[in-house]
Amino acid sequence: MRLIERFFKEPRWGVHPDDHKRPAADVPLRVLPQPARVHMPLQQHVGGAARPVVLVGQKVLKGQLLAQSQGNISAPIHASVSGTVTAIAEVTAPHPSGLGFAAITIESDFADRWIDTDPVADPFALAPEEIARRTAAAGVVGLGGATFPAAVKFVLGRRLGVRTLIVNGGECEPYVSSDDRIMRDFPEQVVDGARIIMHAIGADESLVGIEDNKPEAIAAMTRAAAAYPEVKIRPVPARYPMGSDKQLIQTLTGKEVPADARAAEVGVLVHNVSTCAAVHKAIRLGQPLVERIVTINGAAVTAPGNIFAPLGTLVDDLLAFCGLAQAPARLILGGPMMGTLLRHGRVPLVKGASGILAFDAVEAAVPEVGPCIRCGSCTRACPMGLLPLEMAAHIRSGDLDGAIGYSLSDCISCGCCAYVCPSHIPLVQYFSHAKGELSARERAKLRTEAGKRLAEARLARLERDAREKAEVAARRKAERAAAKARVPSPQPEPQEAST
Amino acid sequence: MTRPVEMPVAAPYAATPNSVSRVMIIVMVALTPATLFGFWLYGWPAIYLWMITVGAAAGGEAVCLQLQGRAVAPVLLDGSAVLTGWLLALSLPPWAPWWIGVFGGLFATVLGKQVFGGLGQNLFNPAMVARVALLISFPVHMTAWVAPLPIVAAAAPGPIAGLLITLKGMQPAFDTVASASLLGFAKTELSRGVDLAQSLLHAPIQGWYGSRAGSLGETATWLIAGGGVAMIFLRTITWHIPLAMLLGIAIPAAILNAIDPARYMEASTHLLSGGAMLGAFFIATDYVTSPNTPRGQLVFGAGCGVLTYVIRTWAGYPEGVAFAVLLMNSLTPIIDSYIRPRIYGRNRQGVALEPGK
């Protein structure tokens, strides 16, 4: 019976990897003891990096503004501990390259003193614009991993008249359970945050999609939302990538986001459950985003679980708190399907970090790559309806235009194809490579076009100058001839002569 | 405390437990009951022929890999060459001489597969390429069927006599068991002007469970179909190609049989005869040579079925599965080029959907 159900009822897309969420998800939330030092990167979000407003040596309180946002899409950074700014310098970025990026280092005074906050008793009395302003000022970004500034989406949603807020509690990445934990431990914060966001964008309902492998979270959220009929808890099948915006929107509303369009254009907006809780704290308590729940998991970890930690804490400090049974064979920020490889643990915890995985040698083993047998598993798994095997074949032979013809631009890099490939072909690697090449090509094209435009403008200017000079000369000549012909009389110089 | 990772690899950092060899093993396991049943029906010569064919296919692959300077063992262990030889063996007359197996096995992996570049690169199904090459080159040996003679029967050749049959060809002592397959018999009779109503009365014995003259894969029809359905449930193959192919045979057969039963055989006879089941579940579903979208697979399967019926009914050969599959193999790239899945957020033509719809 289960077999038949599995056969007919599952979504046609996606994969079902072992989720490895338990036991880590069931361990009660632990609070990290104050780290001695935190490094707050200026770029923890999509958009422009924040600009520092503190000086080295300055004393700061927890929640104090360290760097303000720059540009339309950006987010400010706040101190996650109270203490002294000791450096504004480069630290290793959470990126496989291991390159550095700018961060503000604070030496903790272990006092954990907050700035004076500005709590709001009744957010629903505030104008929607004021909620967006406060959310932006609190540095709230999408905590599901996209790290897009939340307030920018509020404004967009309001402008496009979004009616439905989708609260993403899918958390389909294996190993990671930080959203699960926030729904179990702070469901009222999530529900309140969702209601505040609804008010901010003018939506009349919110659908909370939670994968059905999280029954405790579903129960807790259902209880917390009982008093608010507009907040509807909707269990969804556990299937990767259910937590992807497009797939969750389709599953919950039946709507499909058109290619190259935003979700708001079909009347929905997606926010992660952790983002909702952060909005709740930003508005109700006036607290900026300086802490988050992060899952520490993987076979190399002695006591896996979820940790409530200040942002900017080093990954090594988090791993030391949970204990390492052995040196990890692989270190990942995020989940195993779309996470980022870390070269080492001297990397700060950033806003979008939902998990840190320390894999042992077995988990980190990379299977041998074989030839494509055209089995079509990738095609069946692709949640976007693409043909990964064809795209990869074109990319491998250097035919990027061929890959574009197979709609490479629609690929969401979810990794289903590479996961499910029986020959273990690193398909996502091919696609990332091609996307990188294409964007480099695009940049080069823009540069060439700009150069061409400038050269043409220069040519046009030179021509115009020459023409104007010739015209002026001709006019003067004519005037002199006219003056000679007439009786000489005093005449003012023509103005053109000055050009 | 954490040491640097030497080799950055792209996400995902998790992989399916599935692998190419697992796929091949599932297919082989699904073939096993039918094969064992065939062994039981046709005795030692069939066992020897199977071993020779599989060995030749694997040997051909090994030689090619050696010549390419590639490691032989890991590629052979993926099981694809053995499976190719196995499928070929199931489509041969069970008492065919040893050199049929050797020639076929080598032809399948060397010319059918490795010259194209190995696994995943061949346009045509290697087993069917070899079968057709054999059928055209050695029509007499390839149509010399024997009536089933279970291995335990007193008249059945023992291990030594069986070996002699395989090595020296069919022995006069066993000549009495020579027979024709049903499709071949009906075609011959029709060409002599005897209609089906007459000829089928004298047709070779048709045990409902499949004990009939034919290849190993022909006699064990129900076991073949059972193995195929098991593969569908294990998600090794999807239902699209088998169903489309069987319907492609059954629908025209049923229509024409209803019109003129004296000239056209029943649909059930078509489905249970020849290589229909083996073709639908094991041959046409070959990943490498079939389309990789569900709709493309429906087109491909239906094409295989209809062509099989057309060849069986109106062409010179009594059986058409191999030809039909090869013809459709050649269309696979075209099918794949025209029939693509609909992309999320786009219509079938690849144009972005209108917001608000």
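**Entry 1**

I began with β7(A) and strand β8 (residues 100-108) of chain A, which pair in the antiparallel sense over nine bridges. I took strands (E, at least two residues) and helices (H or I, at least four) as DSSP runs, numbered from the N terminus. I counted two strands as paired if DSSP finds at least two bridges between them. I noted that the model is predicted: local features need pLDDT of at least 70, side-chain atom pairs count only at pLDDT 80 or more, and totals for chains, interfaces and linings use all residues. Residues are numbered from 1 along each chain as its sequence is written, and chains are lettered from A and ligands numbered from 1 in the order in which they are written.

Within this pair I found A:Val85 opposite A:Ile106 in β8(A). Strand β7 (residues 83-92) of chain A is also joined to strand β4 (residues 59-60) of chain A, by two bridges in the antiparallel sense. There, A:Val60 faces A:Gly83 in β7(A).

**Entry 2. The six-stranded sheet of chain A**

I traced an open sheet of six strands in chain A, in the order β1-β14-β13-β17-β15-β16, with mixed pairing. Because β1 (30-31) and β16 (340-342) of chain A stand at the edges with a single partner strand each, one side of each is left without a neighbour in the sheet.

I then followed strand β13 (residues 291-297) of chain A. Its pairing with strand β14 (residues 305-310) of chain A is antiparallel, over six bridges. I located A:Arg292 opposite A:Ala309 in β14(A), and A:Ile296 has A:Gly305 as its bridge partner in that strand. β13(A) is joined to β17(A) by three bridges, and these two strands run parallel. A:Asn297 stands opposite A:Leu357 in β17(A).

How many residues of β13(A) are buried? Seven of its seven residues are, where buried is 20 or more other C-beta atoms within 10 Å of the residue's own, exposed is 12 or fewer, and partly exposed lies in between, with C-beta atoms placed from the backbone. Both faces are covered: A:Glu291, A:Ile293, A:Thr295 and A:Asn297 lie on one side, and A:Arg292, A:Val294 and A:Ile296 on the other.

Helix α4 (residues 178-185) of chain A lies across β13, β14 and β17 (355-359) of chain A, at about 125° to β13(A). For such angles, axes are lines fitted to C-alpha atoms, for helices over the stretch in contact, and the range is 0 to 180 degrees between N-to-C directions. Contact here requires C-beta atoms, placed from the backbone, to lie within 7 Å.

**Entry 3. The parallel sheet of chain A**

I found an open sheet of four strands in chain A, ordered β11-β10-β9-β12, with parallel pairing. β11 (231-236) and β12 (268-272) of chain A are at the edges, each with a single partner strand, so one side of each is left without a neighbour in the sheet. The twist averages 25° from one strand to the next.

Strand β10 (residues 205-211) of chain A pairs with β11(A) in the parallel sense over six bridges, and A:Glu211 stands opposite A:Val236 in β11(A). Helix α5 (residues 187-201) of chain A lies across β9 (164-169), β10, β11 and β12 of chain A, running at about 150° to β9(A).

**Entry 4. Helices of chain B**

I recorded 16 helices and two strands in chain B. Of its 357 residues, 53% are buried.

I checked helix α11 (residues 221-233) of chain B for length. At 1.5 Å a residue, its 13 residues should span 18 Å, and its end C-alpha atoms are 19 Å apart, which agrees; the expected span is 1.5 Å times one less than the number of residues. Its buried residues include B:Leu223, B:Ile224 and B:Met231. Among the elements covering the buried residues are α1 (20-67) and α12 (240-259) of chain B. Just after α11(B), B:Arg235 takes a positive phi of about 60°.

I next looked at α12(B) against helix α15 (residues 294-314) of chain B: the angle is about 35° and the axes are 7 Å apart. By class, this contact has 17 nonpolar, seven polar and no charged residues. Ala, Val, Leu, Ile, Met, Phe, Trp, Tyr, Cys and Pro count as nonpolar, Asp, Glu, Lys and Arg as charged, and the others, Gly among them, as polar.

**Entry 5. Between the chains**

I found 59 residues of chain A in contact with 40 residues of chain B. On the chain A side, 37 are nonpolar, 13 polar and nine charged.

Note on methods
Contact = placed C-beta atoms within 7 Å.
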